[in-house]
Amino acid sequence: MGILSGNPKDQPLHYGEVMAIWTNVATNNGLIAAYQTFFNHTGDKDLAKIIEDAIQCCKEENEQLEIILKVNGIALPPAPPERPNAKLEDIPAGARFNDPEISAALSRDMVSGLLACSEAIGMSIREDIGMMFAQFHMKKEQLGAKLLKLSKEKGWLILPPLHVDYPEA
């Protein structure tokens, strides 16, 4: 039997796993507050649904991650307070995030989340931790795909230069 054989949950976390878990919780705490604010600013019902899904995703991840931190005696990162609901009409037009800006911010966050999950998967030596981050990765892929489709449909996607002219050989 190897040094770390048996039930992975009985094995200690290494510092990289601890940092990945703690950082994910801290990041999700900030994203929840930001997405609650975005929800107040969006006028698009389809985008609002994706925002709600993203908030739920962050909360579900944190439920799992906080248990691991607590079991291992690691203090939880601070979390900002929940944002109150507001009516879009009550936010001055010049102070609002617009829907394309919200969509772009969510897309950026999905990409960052995918990279963070991939890094956590790669560094994990506890199989349960690696698999947990793989599940988070898959959920972010699904949300990102919904967001990409919506951004294309609504005309919010800012295209990079497309390579359509090929030089003759």
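Contact here means heavy atoms within 4.5 Å. This is a predicted model, where local features need pLDDT of at least 70, side-chain atom pairs count only at pLDDT 80 or more, and totals for chains, interfaces and linings use all residues. Residues are numbered from 1 along each chain as its sequence is written, and side-chain values use heavy atoms, with hydrogens and water left out.

**View 1. Leu-47 and its contacts.** Skip the neighbours within four places in sequence, and Leu-47 is in contact with Thr-42, Asp-99, Ile-102, Ser-103, Leu-106, Leu-147, Leu-150 and Trp-156.

**View 2. Asp-44 in its loop.** Look for Asp-44 in the loop between helix H1 (15-41) and helix H2 (45-71); helices are DSSP runs of H or I, at least four residues, numbered from the N terminus. Asp-44 has a relative accessible area of 11%, so it counts as buried (under 20% relative accessible area, 1.4 Å probe, protein chains only). Its side chain makes a polar contact with the side chain of Lys-154, at 2.7 Å (a pair of N or O atoms within 3.5 Å; within protein, one must be able to donate a hydrogen and the other to accept it, and residues adjacent in sequence count only if both atoms are side-chain atoms).

**View 3. The largest nonpolar core.** A nonpolar core is a set of buried Ala, Val, Leu, Ile, Met, Phe, Trp, Tyr and Cys residues joined through side-chain atoms within 4.5 Å. The largest one has 19 residues, and those with the most contacts inside it include Tyr-35, Phe-38 and Leu-47. H2 gives the most to this core, with seven residues.

Key. Helix = DSSP H or I, 4+ residues; strand = E, 2+ residues; numbered from the N terminus. Buried < 20%, exposed > 50% of the residue type's maximum accessible area, 1.4 Å probe, protein only.
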